[in-house]
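Please open the structure in a viewer and keep the sequence panel beside it.

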Amino acid sequence: MVKGVNKSVIEITDTGNRYFSKVILFVSPEYVNKNSRRLTAEAGELIKSLHRADDVLSLRKAVMKERRRRRKILYVSSGIIVLALFFAALMLIF
């Protein structure tokens, strides 16, 4: 929700984010006299793009977690195979 539009500042009080309750945007001097509807629309698009970036970051974290899990499985299974080969070699020797 956009709380107010000043000629040079836009304050957004409903960010949709649990960590941040307010966003203050300072309008570039060349756009101060533009339509306030256009400025609020651009502010909304900026907030939405930040949400998408946050979603991409959480997706990246999930992918990295899955990669670590798979790597652990690979290491454990490789260790089991090495131990199995070692014991097989011992059986052939004795």
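**Stop 1: Salt bridges along the helix**

Select Arg70 and Glu66: being four residues apart in helix α1, they are separated by about one helical turn. Helices here are DSSP runs of H or I with at least four residues, strands are runs of E with at least two, and both are numbered from the N terminus. The model is a predicted one, in which local features need pLDDT of at least 70 and side-chain atom pairs count only at pLDDT 80 or more, while totals for chains, interfaces and linings use all residues. Residues are numbered from 1 along each chain as its sequence is written, and side-chain values use heavy atoms, with hydrogens and water left out.

Display the side chains of this pair. Arg70 forms a salt bridge with Glu66, and the closest N and O atoms are 3.1 Å apart; the term denotes a side-chain nitrogen of Lys or Arg within 4 Å of a carboxyl oxygen of Asp or Glu. Arg70 is exposed, with a relative accessible area of 56%, whereas Glu66 is partly exposed at 29%. For these classes, buried means under 20% relative accessible area, exposed means over 50%, and partly exposed lies in between (1.4 Å probe, protein chains only).

Move along α1 to Arg38 and Glu42. Their side chains meet in a salt bridge of 3.1 Å, N to O, and the two residues lie four apart in the helix, about one turn. Arg38 is exposed at 51% relative accessible area, and Glu42 is partly exposed at 40%. How many salt bridges does the count come to by this rule? The count comes to four.

**Stop 2: The strands**

Color the chain by secondary structure. The protein chain has one helix and three strands, which follow the pattern β-β-β-α along the sequence. Select β2 (9-12) and β3 (23-26). These strands run antiparallel and are joined by four bridges; two strands pair if DSSP finds at least two bridges between them. Within this pairing, Ile12 has Val23 in β3 as its bridge partner.

**Stop 3: The nonpolar core**

Select Ile10, Ile12, Val23, Leu25, Val27, Val32, Leu39, Ala43 and Ile47, the nine residues of the largest nonpolar core. Such a core is a set of buried Ala, Val, Leu, Ile, Met, Phe, Trp, Tyr and Cys residues joined through side-chain atoms within 4.5 Å. β2, β3 and α1 (36-93) each supply at least two of its residues, and the largest share, three residues, comes from α1. In soluble globular proteins, nonpolar side chains tend to be buried together.

Center the view on Ile47. Leaving aside residues up to four places away in sequence, Ile47 touches Ile12, Thr15 and Val23, where contact means heavy atoms within 4.5 Å. Next select Gly44, which is placed in helix α1 and is partly exposed at 24% relative accessibility. The C-alpha atoms of Gly44 and Thr15 are separated by 9.2 Å, although the residues are 29 apart along the chain.

**Stop 4: The aromatic pair**

Finally, select Phe86 and Phe87. A search of the whole structure finds one aromatic pair. The ring centres of Phe86 and Phe87 are 5.7 Å apart and the planes stand at 65°, so the pair is edge-to-face. Rings of Phe, Tyr and Trp (its six-membered ring) pair if their centres lie within 6.5 Å; planes under 30 degrees apart count as stacked, over 60 as edge-to-face and the rest as tilted. Phe86 is partly exposed, with a relative accessible area of 47%.

**Stop 5: The whole chain**

Buried residues make up 11% of the 94 residues. Of the contacts with a separation of 6 or more, 29% are between residues 24 or more positions apart.
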